[in-house]
Amino acid sequence: MRKLLFLVALLIALLLGVEVGMTMLSQRGLAMALRGRYGLPEKLEARINSFPLLVSLARNHLAELQLRWEGDLSLEREGGLDMLPCEGNVRLYDVELDIPALLKGGLELRSISRLEASLALERGALAAMMGVGENEIWFESGRICLAVGGKKMKYRVKVQGDRTLALEEVVESSGGSGSGSYTQPSIYTFEFTRVPMEGNLRTASVSGDRMLVEISIPMWEGYL
């Protein structure tokens with residue numbers, strides 16, 4: 001009985017070892033194929049959540065594929081382009097792949113049931129975008145705060161068009177209740193020449209200590 005249990009445990013360990021090895025190789029292969037086809041950065045990381053992977057590969061189906069990379073957003077200015085560092089994250093669910101084509105170095109998606117994609121910008125990127133020092137900008141209660149001439153300004157972030165972000169000042173009416181006195185808020189707009197994965201901006205918000213921008217990826221949404 002002990003020998004049988006030992007053999008079963010050994011077999012399970014071997015299968016898990018094969019599973020881990022295949023997962024690592026598959027993730028590297030997917031990352032290489034995605035970089036080659038979509039021009040994503042070298043630091044692209046692919047993570048497969050689909051168990052058991054061998055069965056998933058045999059069925060050409062992955063339950064979930066996560067992509068993460070560190071890259072740049074190209075911001076258009078009068079004097080040229082500024083490159084803002086950002087972090088990209090994409091989650092694809094129920095991915096149907098052409099595994100034979102992938103093994104030959106190609107990448108072909110057949111279908112996706114759901115897609116989530118976003119870009120995250122840290123405080124340093126926001127400071128560069130606003131043209132201020134990093135110590136002059138911070139996040140507070142879902143707002144972007146800026147120190148201007150000793151005065152604290154608050155801004156909400158929103159999307160205006162497929163490639164444009166806007167920071168709108170949050171102002172309150174002055175005077176007593178019902179006075180109707182109101183200061184016109186200042187608005188800063190920023191147009192990006194290119195979004196990773198040829199994506200379009202959808203929504204923007206402050207999440208913790210970063211700005212999070214949800215994007216759509218039209219060339220993949222056709223598989224939904």
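Trainee: Why is R68 called partly exposed?

Mentor: The relative accessible area of R68 is 26%, and since buried means under 20% and exposed over 50%, with partly exposed in between (1.4 Å probe, protein chains only), R68 is counted as partly exposed. Please keep in mind that this is a predicted model, in which local features need pLDDT of at least 70 and side-chain atom pairs count only at pLDDT 80 or more, while totals for chains, interfaces and linings use all residues. Residues are numbered from 1 along each chain as its sequence is written, and side-chain values use heavy atoms, with hydrogens and water left out.

Trainee: Where does R68 lie, and what does R68 touch beyond its neighbours within four places in sequence?

Mentor: R68 belongs to strand β2, residues 61-77, where a strand is a DSSP run of E with at least two residues, a helix is a run of H or I with at least four, and both are numbered from the N terminus. With contact taken as heavy atoms within 4.5 Å, and with neighbours within four places in sequence left aside, R68 is in contact with K43, L44, E45, E87, G88 and N89.

Trainee: What makes the pairing of the R68 and E87 side chains a polar contact?

Mentor: The two side chains come to 3.1 Å, and the term asks for a pair of N or O atoms within 3.5 Å, of which, within protein, one must be able to donate a hydrogen and the other to accept it, while residues adjacent in sequence count only if both atoms are side-chain atoms. The R68 and E87 side chains are therefore listed as a polar contact.

Trainee: How many aromatic pairs are there, and why is the pair of Y155 and Y188 called edge-to-face?

Mentor: The structure holds one aromatic pair. The ring centres of Y155 and Y188 are 5.7 Å apart and the planes stand at 65 degrees, so the pair is edge-to-face: rings of Phe, Tyr and Trp (its six-membered ring) pair if their centres lie within 6.5 Å, and planes under 30 degrees apart count as stacked, over 60 as edge-to-face and the rest as tilted. Because Y155 lies in strand β8 (residues 151-159) and Y188 in strand β10, the pair ties together parts that are 33 residues apart in sequence.

Trainee: Are Y155 and Y188 buried, partly exposed or exposed?

Mentor: Y155, at 2% relative accessibility, counts as buried, whereas Y188, at 37%, counts as partly exposed.

Trainee: How do you know that the charge of R114 sits over the ring of Y93?

Mentor: The charged end of R114 is 4.0 Å from the centre of the Y93 ring, and the term requires NZ of Lys or CZ of Arg within 6 Å of the ring centre and within 35 degrees of the ring normal.

Trainee: What is said of the phi angles of S141 and M197, and where are these two residues found?

Mentor: S141 has a phi near 50 degrees, a positive value in a residue other than glycine, and is found in the loop between β6 (137-140) and β7 (143-148). M197, also not a glycine, has a positive phi of about 65 degrees, and is found in the loop between β10 (187-194) and β11 (200-207).
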